[in-house]
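Keep the sequence and the coordinates open while you work through each solution.

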Amino acid sequence: MIAAVSPALGPKASSPTLVLLTTGGTIATEVDGDGIARHASSGDDLLAASGYGEVLVDDLMTIDSAEMTPQRWQQIAASVRGHVARGATGIVIAHGTDTLEETALWLALTCAVPVPVVLTGAQRSGDHPESDGPGNLRDALTVAASGEALGVVVCFAGQVYPAVGIRKVDLTAPNGFAGVSPVGQVRDGQFVRLADSPSAFLGTVTRPALPRVDVVSLYPGTDGVALDAYARAGAQGLVLESMGAGNANDVVIESVSRHIENGIRVVVTTRVPGGALAAGYAPGQKLVDSGAVMVPHLRAGQARVLLMAALATGSDLVSVIERLG
């Protein structure tokens, strides 16, 4: 059974125009006799544990977020637009934490709605004695009910982050997300705005088939095999997760140059967690000279989403990265 939040918090007043979309994830799991977390809770169960008031629940899917796909992003986006068209004034999406950052960014880039869209989840299963799911969900609903012009945000451990730049940085800690400064907090059951949340919207994308973009992680001795394989598979874009400050060996640089000449867009990020990426060494400059574009702040997961959205909306890639990368 999911551990409920403290009764001292009390439920909010009825808010029938709020919608909770569930997709699965740790927030909806319980640990079985073998020590494995498995899905066990519906949206109604999650809502009851949060102690919040009346909310419309839409159990959209029940998957581990490792099973999230671009087509499922589109399913979530269509549901968000549909609920807003029917009068929803705020939407919360309960999501697994492993790929929450990608879903959040895709929605921010391609799904513009005039209400808050808040993603949240949990690091601990619903039956954990210190489960963080009920509190996170309650906070997310509080943010969604605020009426603030936030766009798409992530609410976790009382912090509210913009979608652009957020990433999971810890496997177990309740405050497992970072990478960008929060735009707000939930304090004593109230949403407190700390900063503006600029729009990241590029354009609405409704078709289910999206541009294929693949990630190639570099390491000592990398060759062009993976790059060539993705190109043969139909990739329209490639994300190079480079070593250090945008660096790659000559074999990789030659392969990148060849694929760019054949019309594939290539962006470069880094496997280093912190710091702004720029071509400060000769190998990185060779990549830039070949036509690759450095992504200063986003790491591979979100850089891929940004490239997909730029391709899907026909946006100028360099301008998009200058604004959002």
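UniProt, in an unreviewed entry, places the feature "domain: Asparaginase/glutaminase C-terminal" at residues 212–317; UniProt positions follow the numbering used here, feature names are shortened, and annotations may be inferred rather than shown by experiment. The model is predicted, so that local features need pLDDT of at least 70 and side-chain atom pairs count only at pLDDT 80 or more, while totals for chains, interfaces and linings use all residues. Residues are numbered from 1 along each chain as its sequence is written, and side-chain values use heavy atoms, with hydrogens and water left out.

**Exercise 1. Describe the span 212–317 and the sheet of 4 strands.**

Step 1. The end C-alpha atoms of residues 212–317 lie 15 Å apart, and the span is 42% helix and 18% strand; helices (H or I, at least four residues) and strands (E, at least two) are DSSP runs, numbered from the N terminus.

Step 2. The open sheet has the order β13-β14-β15-β16 with parallel pairing, where two strands pair if DSSP finds at least two bridges between them. β13 (213–217) and β16 stand at the edges, each with a single partner strand, so one side of each is left without a neighbour in the sheet.

Step 3. β13 and β14 (residues 237–242) pair in the parallel sense over 5 bridges, and V215 stands opposite V239 in β14. Helix α5 (residues 225–232) packs on the sheet, touching β13 and β14, and its direction makes about 170° with that of β13; contact means heavy atoms within 4.5 Å, and axes are lines fitted to C-alpha atoms, for helices over the stretch in contact, with angles from 0 to 180 degrees between N-to-C directions. Helix α8 lies across β13, β14 and β15, running at about 160° to β14.

**Exercise 2. Which residues of helix α9 are buried, and what covers them?**

Step 1. The buried residues of α9 (residues 317–324) are L317, V320, I321 and L324; buried means under 20% relative accessible area, exposed over 50%, partly exposed in between (1.4 Å probe, protein chains only). They cover an arc of only 95° around the axis, which puts them on the same side of α9; the arc is that of the directions from the helix axis to the C-beta atoms.

Step 2. Their cover includes α3 (100–110), β15 (265–270), β16 (293–294) and α8 (300–313).

**Exercise 3. Is G121 buried or exposed, and which residues does G121 touch?**

Step 1. G121 lies in the loop between β6 and α4 (133–144), and G121 is buried, with a relative accessible area of 0%.

Step 2. Not counting residues up to four places away in sequence, G121 touches I27, H95, L100, G133, N136 and F156.
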